[in-house]
Structures are given as C-alpha cells and as structure tokens.
Amino acid sequence: IPSGDQPAMVLNCVLDLVQTNEQEQYRVLVVEDSRVAVALIQRTLAQHGIDTKAINDPGKLLDVLESYHPDLILMDMYMPRFNGVEATRVLRQMAQYSSLPIVYLSGESDVGMQVEALRLGGDQFLMKPFNPVLLAAVVKTRIERFRESRRSTRLDGLTGLLNHTAAKSRLKDMVEEADGALTVAMIDIDHFKAINDTYGHPVGDQVIRGLAWLLKGRLRSIDLIGRYGGEEFMIALPAISPEQAGSVIERIRHDFAALPHAHPGGALYASFSAGIASYPLADTAAALTEAADGALLQAKRLGRNRVEQ
Ligand code: GH3
Ligand code: MG
Ligand code: MG
Ligand code: MG
Ligand code: MG
C-alpha cells in the first residue's frame with residue numbers, strides 16, 4: 001500500500017489484496033511412496049504455479065487433509081502398508097471428501113484393475129510414466145471445475161448472495177479475523193407476506209432482488225452480504241466503528257423505503273427493519289447473530305422500517 005493520504009487509493013489497494021486472496025493458489029496433495037515420482041510430479045506442477053504437498057504415510061492422510069485443504073489428490077495405487085484404492089474408498093464415505101477430485105497416477109496397466117479403482121471412488125486414471133502436459137491439464141481443469149461447483153453451492157440462486165450456510169461460516173471466519181470493530185446486522189423486509197398476497201410471488205421475488213441489488217451497490221467487497229432466509233438478510237461490516245456501520249445501515253434503510261418496485265399495475269414501496277450488534281460487545285458469531293436478532297425483533301415491535309441496536 002503506497003504512502004499518502006488518499007483514502008480511495010488505499011481502499012483500492014485493499015480491494016486488490018482481497019481479490020488476490022479469493023483466487024488462491026491451487027493445492028494438490030500427492031500420495032506417493034516413490035521419492036523420484038514425487039520430485040517429478042512436484043516439479044511439473046510447480047511449473048504451472050500449483051502448490052503441492054507430498055505424503056507416503058497412510059496414517060497422516062486425514063490429518064494432512066484437514067490442515068492442507070487440497071483441491072485435488074494425486075493418488076498412487078501401490079505403496080508399502082498402503083493401498084491407494086482402499087484409501088480412496090474410505091475418503092468417499094466421508095461427507096466432506098465425497099466430491100474432492102481424486103486422480104490415480106499409477107503404473108498399473110491392467111484395465112480391469114484400473115476400472116475397479118475408478119469404481120471404488122477415483123475420478124480418473126493416469127498412467128506412469130506420465131506426460132507432464134497431460135498431467136498439468138488434468139489437474140488444472142479438474143480443480144477449476146471443483147472450485148466452480150463449490151462456489152455455486154455457496155451462493156443463493158435468486159440473489160447471487162451467500163446462502164445461509166455460507167454466510168454463517170463466513171461470519172465465523174470474520175469474527176476470528178476481527179482485530180477491531182465488526183458490526184452484524186440482521187435485516188428483514190416488513191409485511192412481506194402482504195406483498196406476496198397482494199401482488200403475487202414473482203413480484204415478491206423482485207422486491208428481494210431489489211434489496212440484494214441495493215446492498216451489493218452500497219457495501220464494500222470486504223463486507224459480508226448473505227441471504228439468511230426468505231426475506232431476511234445478514235450483513236457484517238468489519239473495520240468501521242459501530243456508529244459508522246449503524247449510519248450505513250440507516251442510509252440503506254432510508255433509500256430502500258424510497259425505492260419503487262414495479263408490478264403490473266404500477267409501483268409499490270417496501271421497507272425493512274434491522275437489528276445491529278457489534279464486536280467486541282458480543283464476541284462470537286452466535287452471540288452477534290443472537291443480539292442482532294433480538295434488536296431486529298425490537299425494531300419490529302417498535303413499528304418497523306427502523307434500525308435498532
Ligand atoms: P414482518 O414484518 O413481521 O417481518 O412480517 P412478514 O410478513 O414479512 O413476515 P413473515 O415471516 O410472516 O412472512 C415472510 C414471507 O416471506 C412468508 C413466505 O411465504 C415469504 N417468502 C419466503 N421466501 C420467499 C421467496 O423466496 N420469494 C417470495 N416471493 N416470498 C418468500
Ligand atoms: Mg507406489
Ligand atoms: Mg422473516
Ligand atoms: Mg416475520
Ligand atoms: Mg418480514
């Protein structure tokens with residue numbers, strides 16, 4: 001970050017950092033007993049900017065998976081005290097590894113054995129000695145597809161925002177990383193059932209998308225925006241004071257209430273209520289959510305279209 005006091009410039013640099021972090025380096029776990037093979041594989045993948053970690057001990061597999069979070073496993077078939085196909089079969093029974101790409105890299109030339117290895121959970125079979133160009137291409141395309149599908153299961157289909165599960169998990173990370181202020185807001189559209197009942201479900205959907213659009217436009221890329229439930233959203237704003245965060249939410253509340261939503265007979269107006277809570281007053285994701293929920297309930301009780309703390 002360059003020195004100088006231009007906030008916009010500093011902000012842009014911060015955004016760049018965030019975006020680079022999002023496009024993390026690909027990680028491949030190499031399960032292989034031959035040092036020569038490991039060296040060849042690591043050199044090939046390193047030439048493509050891919051990070052690798054190698055193990056030859058079956059006892060370490062689960063621990064390494066938890067700490068290294070690979071995007072793909074390159075699995076040897078035959079190792080002393082260790083069978084790659086058996087390890088694959090075990091991983092496939094664990095929910096968190098059921099779709100992790102596993103590519104065999106083995107000298108096994110018997111097609112029947114290769115087919116059996118795929119049947120027990122492998123995604124692809126590559127022969128040793130391997131072609132470096134093919135190996136790199138297989139690894140890269142499989143990882144791209146894996147990351148894309150993981151990304152799409154984290155997003156809500158109607159709004160493109162983080163879904164409930166992803167928003168909760170992102171908030172946990174943000175609380176762990178918080179080195180100062182962090183404000184959470186729970187937002188709920190007012191009398192939404194009446195909007196559906198009066199104008200129909202598709203118009204209701206448009207109102208939800210309208211709020212999502214407004215939130216995306218007003219918040220920073222470091223902020224969390226999630227669709228927490230039907231017409232309920234979760235927001236988290238790091239690195240600004242609770243007072244500043246409160247006025248950001250208040251301005252969005254004001255502008256949403258003035259935003260016209262089209263329906264076949266003209267335009268309708270909606271509003272939302274919000275409850276906010278700040279770290280470190282509440283210091284876990286659960287405590288922040290609960291406190292913000294309580295404040296939201298209070299905002300509803302006090303007549304809606306308002307922000308409460
Ligand atoms: P309040 O001001 O107390 O929040 O009242 P409300 O009517 O907004 O609250 P309530 O929870 O009773 O109604 C929420 C409604 O939102 C009920 C449900 O059918 C509707 N809903 C949930 N998800 C969607 C969706 O994706 N699209 C549409 N159109 N409606 C949805
Ligand atoms: Mg071997
Ligand atoms: Mg609701
Ligand atoms: Mg409700
Ligand atoms: Mg509501």
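Asp71 touches Tyr26, Arg27, Val28, Ile143, Phe146 and Arg147, leaving out residues up to four places away in sequence. In this predicted model, Asp71 sits in the loop between helix H3 (61-68) and strand E3. Asp71 counts as buried because 22 C-beta neighbours lie inside 10 Å, and the cut-off for a buried residue is 20 or more. Asp71 also gives a sense of distance across the model: its C-alpha is 43 Å from that of Lys193, and the two are 122 residues apart in sequence.

Strand E3 (72-75) leads on to Asp76, which lies in the loop between E3 and strand E4 (78-79). An unreviewed UniProt entry carries the annotation "modified residue: 4-aspartylphosphate" for Asp76. With 24 other C-beta atoms within 10 Å, Asp76 is buried. Its contacts, leaving aside neighbours within four places in sequence, are Val31, Glu32, Asp33, Gly84, Leu105 and Ser106.

Ala37, Ile41 and Leu45 are the buried residues of H2. Seen down the helix axis, these buried residues fall within an arc of 55°, so they line one face of H2. The cover over them includes strand E1 (27-31), strand E2 (51-55), E3 and helix H6 (132-154). On the other side of H2, the exposed residues are Arg35, Val36, Ala39, Arg43 and Ala46.

Pro129 is found in the loop between strand E7 (124-127) and H6. The peptide bond from Lys128 to Pro129 is cis, with omega near -5°. Most peptide bonds are trans. A cis bond also joins Tyr279 to Pro280, where omega is near 5°. Pro280 lies in the loop between strand E13 (272-279) and helix H11.

The next topic is the ligand. The shell around ligand 1 has 16 residues, of which Asp190, Phe192, Lys193, Gly204 and Gly230 come nearest. Helix H9 gives the most, with four residues. By type, the residues of the shell divide into four nonpolar, five polar and seven charged.

Leaving aside neighbours within four places in sequence, Asn196 is in contact with His201 and Gly204. Gly204 is also among the residues that come nearest to ligand 1. Asn196 is partly exposed, because 17 other C-beta atoms lie within 10 Å, whereas a buried residue has 20 or more. The C-alpha atoms of Asn196 and Val207 are separated by 9.8 Å, and these residues are 11 apart along the chain.

Helix H11 (residues 285-301) contains Thr289. Thr289 is buried, with 21 other C-beta atoms within 10 Å. Thr289 and Ile276 are 13 residues apart in sequence, and their C-alpha atoms are 8.7 Å apart in space.

Most residues other than glycine have a negative phi. Arg304, in the loop between H11 and strand E14 (307-308), has phi near 75°, a positive value in a residue other than glycine. Asn305 is placed in the loop between H11 and E14, and its phi is positive at about 50° although it is not a glycine. Arg304 is partly exposed, with 14 other C-beta atoms within 10 Å. Asn305 counts as partly exposed too, with 18 C-beta neighbours inside 10 Å.

How values were computed. Residues are numbered from 1 along each chain as its sequence is written. Chains are lettered from A and ligands numbered from 1 in the order in which they are written. This is a predicted model: local features need pLDDT of at least 70, side-chain atom pairs count only at pLDDT 80 or more; totals for chains, interfaces and linings use all residues. A residue is near a molecule or strand if its C-beta atom, placed from the backbone, lies within 6 Å of it. Helices (H or I, at least four residues) and strands (E, at least two) are DSSP runs, numbered from the N terminus. Ala, Val, Leu, Ile, Met, Phe, Trp, Tyr, Cys and Pro count as nonpolar, Asp, Glu, Lys and Arg as charged, and the others, Gly among them, as polar. UniProt positions are given in the numbering used here, feature names are shortened, and annotations may be inferred rather than shown by experiment. A residue is buried if 20 or more other C-beta atoms lie within 10 Å of its own, exposed if 12 or fewer, and partly exposed in between; C-beta atoms are placed from the backbone. Two residues are in contact if their C-beta atoms, placed from the backbone, lie within 7 Å. The arc is that of the directions from the helix axis to the C-beta atoms.
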